[in-house]
Amino acid sequence: MSAKPEVGLVREASRQIVAGGSAGLVEICLMHPLDVVKTRLFGFYKGILPPILAETPKRAVKFFTFEQYKKLLGYVSLSPALTFAIAGLGSGLTEAIVVNPFEVVKVGLQANRNTFAEQPSTVGYARQIIKKEGWGLQGLNKGLTATLGRHGVFNMVYFGFYYNVKNMIPVNKDPILEFLRKFGIGLLSGTIASVINIPFDVAKSRIQGPQPVPGEIKYRTCFKTMATVYQEEGILALYKGLLPKIMRLGPGGAVMLLVYEYTYSWLQENW
């Protein structure tokens with residue numbers, strides 16, 4: 001008798017993971033050209049494989065953990081509005097812990113591209129970091145607090161705004177208008193989340209990227225880095241790169257939510 005519920009849980013989790021991974025895959029395929037067009041006007045899909053390999057499992061973690069936290073919060077006496085926001089926060093914090101080591105390696109490879117006599121592999125560079133700095137906050141988990149802030153705040157606003165506003169606006173019987181309703185709310189969700197979380201993004205880049213003076217660590221912790229940037233460069237420096245981020249994560253965020261919902265619904269009916 002105990003085997004049946006277990007199979008049900010595994011199947012439900014599998015649906016969430018597959019739907020979340022699908023959302024990441026479709027979002028990368030549609031939005032990757034925006035990253036490329038900034039530097040070249042041809043070969044829009046050149047270099048798309050690494051982002052697909054990185055983003056697909058990351059998005060699976062994002063949506064799967066959101067559903068799990070939402071389910072857990074169902075046992076607590078919270079309003080639906082608060083449940084969506086806290087579940088989003090939880091999913092973002094979990095996502096940050098999973099992805100931060102990969103971010104450290106990615107940023108390091110990009111920043112030091114011209115200093116390598118021979119470009120190391122991703123695994124090779126990760127081993128270099130572990131050997132030199134270890135696994136801690138100065139090594140493979142450098143900038144973790146900023147990454148926690150970036151993903152935690154983004155997902156809290158992203159999921160919280162989307163599901164709360166979607167529940168407030170009546171469902172449209174016309175499938176095209178219903179699609180546009182969801183897309184519009186998703187677009188706003190990604191845009192607002194990007195505006196609110198970008199200071200954490202800037203802090204993360206400063207901490208994980210090359211320091212102004214080689215051999216001297218200027219940016220160490222998240223909020224201290226934000227304060228330093230604000231004092232030395234002004235408030236606008238904390239919003240550097242906002243426009244391209246909105247262009248990517250506004251429509252990209254809408255795409256992910258819609259692909260997740262439609263894929264998950266299809267899987268529930270057919271698998």
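Figure 1. The confidence score pLDDT is given by the predictor for each residue on a scale from 0 to 100. Where pLDDT is low, the predicted coordinates should not be read in detail. Over the chain, mean pLDDT is 88, with 89% of the residues at 70 or more. Because this is a predicted model, local features need pLDDT of at least 70 and side-chain atom pairs count only at pLDDT 80 or more, whereas totals for chains, interfaces and linings use all residues. Residues are numbered from 1 along each chain as its sequence is written, and side-chain values use heavy atoms, with hydrogens and water left out.

**Figure 2. The chain contains 8 helices and 0 strands.** Helices (H or I, at least four residues) and strands (E, at least two) are DSSP runs, numbered from the N terminus. Along the sequence, the pattern reads α-α-α-α-α-α-α-α. Of the 271 residues, 44% are buried; buried denotes under 20% relative accessible area, exposed over 50%, and partly exposed the range in between (1.4 Å probe, protein chains only). Among contacts between residues at least 6 apart in sequence, 70% join residues at least 24 apart. The chain exposes about 15,100 Å², of which carbon and sulfur atoms supply 67%; accessible areas come from the Shrake-Rupley method with a 1.4 Å probe, and for residues only the protein chains shown count as cover.

**Figure 3. Helix α5 spans residues 144-168.** From its first C-alpha to its last, this helix of 25 residues reaches 35 Å, close to the 36 Å expected at 1.5 Å a residue. The expected span is 1.5 Å times one less than the number of residues. Helix α5 is largely enclosed by the rest of the structure, because 19 of its 25 residues are buried.

Figure 4. A salt bridge is a side-chain nitrogen of Lys or Arg within 4 Å of a carboxyl oxygen of Asp or Glu; the whole structure holds 17 of them. An α-helix has 3.6 residues a turn, so residues three or four places apart point the same way. Arg-15 is buried at 12% relative accessibility, whereas Glu-12 is partly exposed at 23%.

**Figure 5. A salt bridge joins Glu-27 to Arg-248.** The side chains meet at 3.0 Å, N to O. Glu-27 belongs to helix α1 and Arg-248 to helix α8 (residues 242-270), so the pair ties together parts that are 221 residues apart in sequence. Both Glu-27 and Arg-248 are buried.

**Figure 6. Lys-245 and Asp-201 are paired in a salt bridge.** Their closest N and O atoms lie 3.0 Å apart. Since Lys-245 is in helix α8 and Asp-201 in helix α6 (residues 175-208), the pair ties together parts that are 44 residues apart in sequence. Lys-245 is buried, at 10% relative accessible area, and Asp-201 is buried at 16%. Salt bridges with shared partners join Glu-103, Lys-106, Arg-150, Asp-201, Lys-204 and Lys-245 into one network.

**Figure 7. Thr-225 and Thr-228 lie in helix α7.** Thr-225 is buried, with a relative accessible area of 1%. Leaving aside residues up to four places away in sequence, Thr-225 touches Ala-203, Arg-206, Ile-207, Tyr-219 and Arg-220. Thr-228 is buried at 16% relative accessibility; with the same exclusion of residues up to four places away, Thr-228 touches Lys-218 and Tyr-219. The C-alpha atoms of Thr-228 and Ala-203 are separated by 9.7 Å, the residues being 25 apart along the chain.

**Figure 8. Val-195, Ile-196, Tyr-230, Ile-235, Leu-236 and Tyr-239 make a nonpolar surface patch.** The patch covers about 580 Å². Patches consist of residues with over 30% relative accessible area and no salt bridge; like charges are joined within 9 Å, and nonpolar side chains (Val, Leu, Ile, Met, Phe, Trp, Tyr) within 5 Å. Tyr-239 is found in the loop between α7 (222-233) and α8. With a relative accessible area of 32%, Tyr-239 is partly exposed.

Definitions and conventions: Contact = heavy atoms within 4.5 Å.
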